[in-house]
2 protein chains.
Amino acid sequence: MQNASTGPRAGSSTDDQTGPRRTGRAVSREVLADHVYAELLASLMDGRLAPGAVVSIDGTARELDVSPTPVREALARLEHTGMVRRVALKGYRVAPVFTQEDFAELMEARLAIEPVNARLACERINQHGLAELGKAVEDLKSAPRGPSFAEFKDYLEADERFHQLIARQTGNQFMEAAYSALGGQVQRFRLFGGVGITDAEHAIAEHEAVLAAVTTGDPDKAAAAMADHIRKVRSRAIADAPES
Amino acid sequence: MQNASTGPRAGSSTDDQTGPRRTGRAVSREVLADHVYAELLASLMDGRLAPGAVVSIDGTARELDVSPTPVREALARLEHTGMVRRVALKGYRVAPVFTQEDFAELMEARLAIEPVNARLACERINQHGLAELGKAVEDLKSAPRGPSFAEFKDYLEADERFHQLIARQTGNQFMEAAYSALGGQVQRFRLFGGVGITDAEHAIAEHEAVLAAVTTGDPDKAAAAMADHIRKVRSRAIADAPES
DNA sequence: CATAGTCAGATCCTATAGGAAGCGCCGGTC
DNA sequence: GACCGGCGCTTCCTATAGGATCTGACTATG
């Protein structure tokens with residue numbers, strides 16, 4: 001049901017039994033494992049896979065209509081991001097929800113990395129990057145923020161995109177990789193950790209402050225604005241005291 | 001030879017092939033993919049696999065006497081560390097050597113992360129952690145630093161271990177993960193990027209300064225000592241002007 | 001009623017087979 | 001001598017089979 005995006009193969013599945021199964025994705029310049037990876041990542045990012053859920057290799061293979069091998073490969077990659085965990089002979093499951101301690105650690109790490117990113121991005125960003133960044137903030141403001149999750153999703157996507165863009169605009173592949181390692185967790189926290197709609201108004205203003213500083217070309221102010229944003233996110237989350 | 005308990009095919013390979021491959025994993029509570037991962041990582045870390053070398057799936061499988069599937073899984077994990085690169089239908093190869101620009105980016109990232117690690121570690125380290133850290137510095141000093149690579153290896157290992165310990169002692173899983181993502185690259189640079197023996201004397205003193213600050217319990221000084229160390233590593237490397 | 005033993009199903013893990021694509025070599029042609 | 005098409009080899013990629021292990025339920029016994 002969820003592979004209708006790239007899967008050109010349809011119908012004809014009813015088999016002449018002798019033939020080799022699935023004549024397979026014609027030009028398909030992309031490997032099955034990539035497809036599985038993207039599918040699983042999307043499921044994790046938009047909440048279809050809840051924390052703690054088991055991700056059966058065989059089950060996923062059946063669901064996506066591939067053999068277990070590419071699923072295994074995709075899960076091995078995902079494990080390195082911390083979004084799924086593997087136990088030796090028991091299989092994979094989605095990483096559990098954050099404890100308050102995990103959350104504190106995550107924010108500490110963000111405070112170490114993201115202000116630096118903002119500073120570097122400010123020093124090196126070009127016109128195109130500024131446009132992208134502006135669009136992210138614009139999307140953030142225009143995204144519907146209804147109480148239903150489906151409507152809130154676009155807001156969260158724009159939020160994540162803004163931070164990713166900052167990381168990319170550093171021009172430093174390692175800083176970008178460092179944020180990417182965190183970004184998945186950040187997004188998962190946005191989904192399950194209790195970031196509420198009330199957060200949005202404040203957050204938008206804070207993002208605008210970062211954008212303004214970057215546009216002005218003031219690295220110190222950009223770093224400070226980003227640090228301020230992260231600290232306030234932390235304060236608001238703690239104040240809400242998410243008790244799951 | 002390493003599948004004493006589970007291997008269906010045993011015996012028949014009595015033709016004592018090449019290496020005395022480590023006969024570990026006795027009770028086999030560890031999966032083959034883990035073994036392959038460790039083996040590949042070791043090969044990357046101590047220079048047996050040079051940058052640019054192709055890592056054939058089938059070849060590695062034959063070499064380690066396993067089937068291609070666990071090799072594939074291990075490589076999928078390694079790819080996420082940046083130490084090997086995969087091209088869609090062409091296979092894996094070891095990531096190429098650093099350009100000077102890559103090196104500058106790596107050092108920039110280390111400067112953003114490691115002083116923070118030193119500060120946090122200083123605030124939270126316990127007696128056992130201090131002992132481990134002290135032993136790393138001790139090994140650093142006592143390691144042979146002969147011109148041959150084999151003798152220099154222990155020194156490099158202790159160096160990497162010191163920084164890893166600092167990262168672990170932060171008590172912050174994300175900072176530790178962030179450094180781990182860099183650590184492999186740092187180690188690869190130590191091997192191939194031109195860190196010479198002349199570096200060792202200065203570096204030892206700088207490590208001792210970090211250790212002293214951490215032992216004293218002065219977070220500011222620890223962070224400053226670590227930043228100083230990284231800057232000097234960068235300066236020395238640039239001065240040596242590694243031209244490969 | 002509680003606990004231990006047994007069995008069946010599901011799942012993971014590894015091995016092997018076979019199709020598809022890239023790479024190098026070789027002989028033929030201009 | 002230079003260029004081009006065919007051929008085989010290697011390698012990757014996916015599918016499938018089978019052994020080993022874990023989980024959960026069911027039954028028998030103290």
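**Group meeting: two chains and DNA strand C**

Let me start at the DNA. The surface near DNA strand C is made of eight nonpolar, four polar and seven charged residues. Here Ala, Val, Leu, Ile, Met, Phe, Trp, Tyr, Cys and Pro count as nonpolar, Asp, Glu, Lys and Arg as charged, and the others, Gly among them, as polar. Near means that a heavy atom of the residue lies within 4 Å.

Ground rules. This is a predicted model, with pLDDT of at least 70 needed for local features and 80 or more for side-chain atom pairs, while totals for chains, interfaces and linings use all residues. Residues are numbered from 1 along each chain as written, chains are lettered from A and ligands numbered from 1 in written order, and side-chain values use heavy atoms, without hydrogens or water.

In total, 19 residues surround DNA strand C. The closest are A:I57, A:A88, B:V31, B:L32 and B:S67. The largest share of this surface, three residues, comes from α2 of chain A. Helices are DSSP runs of H or I, at least four residues; strands are runs of E, at least two; both are numbered from the N terminus.

Which part of the DNA does the protein meet?

Now the phosphate oxygens. A backbone N or O atom of B:L32 sits 2.4 Å from one. For a backbone N or O atom of A:D58, the distance is 3.2 Å. A:R72 uses a polar side-chain atom, at 3.3 Å.

Next, the two chains. On each side, 36 residues are in contact with the other chain, contact being heavy atoms within 4.5 Å. About 3,000 Å² is buried between chain A and chain B, 58% of it from carbon and sulfur atoms. That is accessible area lost on putting the parts together, with a 1.4 Å probe, summed over both. A:E73, A:H80 and A:F174 supply 20% of what chain A buries against chain B, more than any other three residues.

One residue to look at here is A:R86, in strand β2 (residues 84–87) of chain A. The side chains of A:R86 and B:D34 form a polar contact of 2.7 Å. Such a contact pairs N or O atoms within 3.5 Å; within protein, one must be able to donate a hydrogen and the other to accept it, and residues adjacent in sequence count only if both atoms are side-chain atoms. Beyond four places in sequence, A:R86 also contacts B:V31 and B:R77, among others.

Notes: Buried area is the accessible area (1.4 Å probe) that two parts lose on being put together, summed over both.
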